[in-house]
Amino acid sequence: MISCAKNCHFLMLLGLNTVARKMTYALPQLLMNFFHKSSCIPSKLFINQFVPKHKPPSQKDVNALEEFILNSKKLMVLTGAGVSTESGIPDYRSAEVGMYARTNHKPIQNSDFHKYATVRQRYWARNFVGWFRFSKMQPNLVHFYLSDLESRGKVHSLVTQNVDGLHLKAGSRNVIELHGTGYRVLCLDCNASYDRDYIQDTLMDNNIIDFEQTSRMIRPDGDVDIPQEFIMNFSVPTCECCGGILKPDITFFGDNIPKHRVELIRTIVSSSDCILVLGSSLSVFSGCIEEHFQGVVATNIHM
């Protein structure tokens with residue numbers, strides 16, 4: 001395992017029916033060497049708060065990545081939470097700085113959201129407060145370089161496990177959001193769709209908000225501390241079409257990824273000659289890869 005300068009877990013799968021070469025790279029630093037100075041990419045987009053301790057990559061790593069990208073003919077990229085840490089969004093498992101290491105708050109379970117009104121009320125109260133910060137997150141160098149790779153014709157498909165929308169903000173076009181997006185809200189009853197910013201305005205209209213108090217709820221690490229009284233008095237959004245339950249278009253823990261999305265990704269995987277995996281353990285995606293890349297050894301890469 002090679003430690004990185006930045007929090008991007010890197011797994012290179014080289015071609016069909018070959019054994020994977022396993023590496024961990026620092027994508028911003030390595031692609032700077034590959035593309036040198038690109039006028040379309042900001043040079044200072046680092047937030048180190050959630051980046052694990054690391055060592056710089058070797059020149060051998062730089063050369064291997066450059067060779068891998070240049071030699072690929074139909075490159076698919078898969079990204080996970082590790083690519084967004086420099087934007088100020090923590091991942092789950094990194095030592096000391098990951099979400100599990102910093103807080104006892106656990107991700108919401110899909111079944112609980114469906115069953116219990118109190119769970120939905122707590123979720124929407126936290127989501128409302130957190131949205132002020134989350135919606136302002138900006139892409140980092142990883143996102144911009146992947147967009148640049150796409151514009152140069154080196155990336156034909158980008159699949160992300162993230163719901164932060166940062167690849168789209170960076171200009172990538174052919175993006176499949178595996179777990180959905182936090183920027184869209186759906187009705188569980190009639191499937192009506194709403195823009196998340198519109199729902200935020202609705203929540204502001206339907207709740208008495210003390211903005212000074214709300215700003216204090218957002219911790220420096222991005223999590224939110226919400227008083228129980230605030231949660232109990234919070235009015236959750238409902239569908240304007242049918243009065244049904246609203247839920248962000250996100251695949252919660254315990255839920256299934258929509259079948260049509262899985263099939264689309266399987267098609268992309270099977271038509272790709274190389275796959276570049278960044279910031280992901282592959283724990284929810286390995287089946288799609290293993291089915292079409294026989295003989296590839298996929299290893300969970302940690303910082």
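Is Tyr 198 buried, exposed or partly exposed? At 38% relative accessibility, Tyr 198 counts as partly exposed, whereas Tyr 194, at 9%, counts as buried; buried means under 20% relative accessible area, exposed over 50%, and partly exposed in between, with a 1.4 Å probe and protein chains only.

The model is predicted, and local features need pLDDT of at least 70, side-chain atom pairs count only at pLDDT 80 or more, and totals for chains, interfaces and linings use all residues. Residues are numbered from 1 along each chain as its sequence is written, and side-chain values use heavy atoms, with hydrogens and water left out.

A search of the whole structure finds 11 aromatic pairs, where rings of Phe, Tyr and Trp (its six-membered ring) pair if their centres lie within 6.5 Å, and planes under 30 degrees apart count as stacked, over 60 as edge-to-face and the rest as tilted. The rings of Tyr 194 and Tyr 198 are stacked, because their centres are 6.3 Å apart and their planes are at 10°. Ring pairs also join Phe 113, Tyr 123, Trp 124 and Phe 252 into a cluster.

Two charged residues sit over rings, as tabulated here; the criterion is NZ of Lys or CZ of Arg within 6 Å of the ring centre and within 35 degrees of the ring normal.

| Charged residue | Ring | Distance to ring centre |
|---|---|---|
| Arg 196 | Trp 131 | 4.5 Å |
| Lys 247 | Phe 252 | 4.4 Å |
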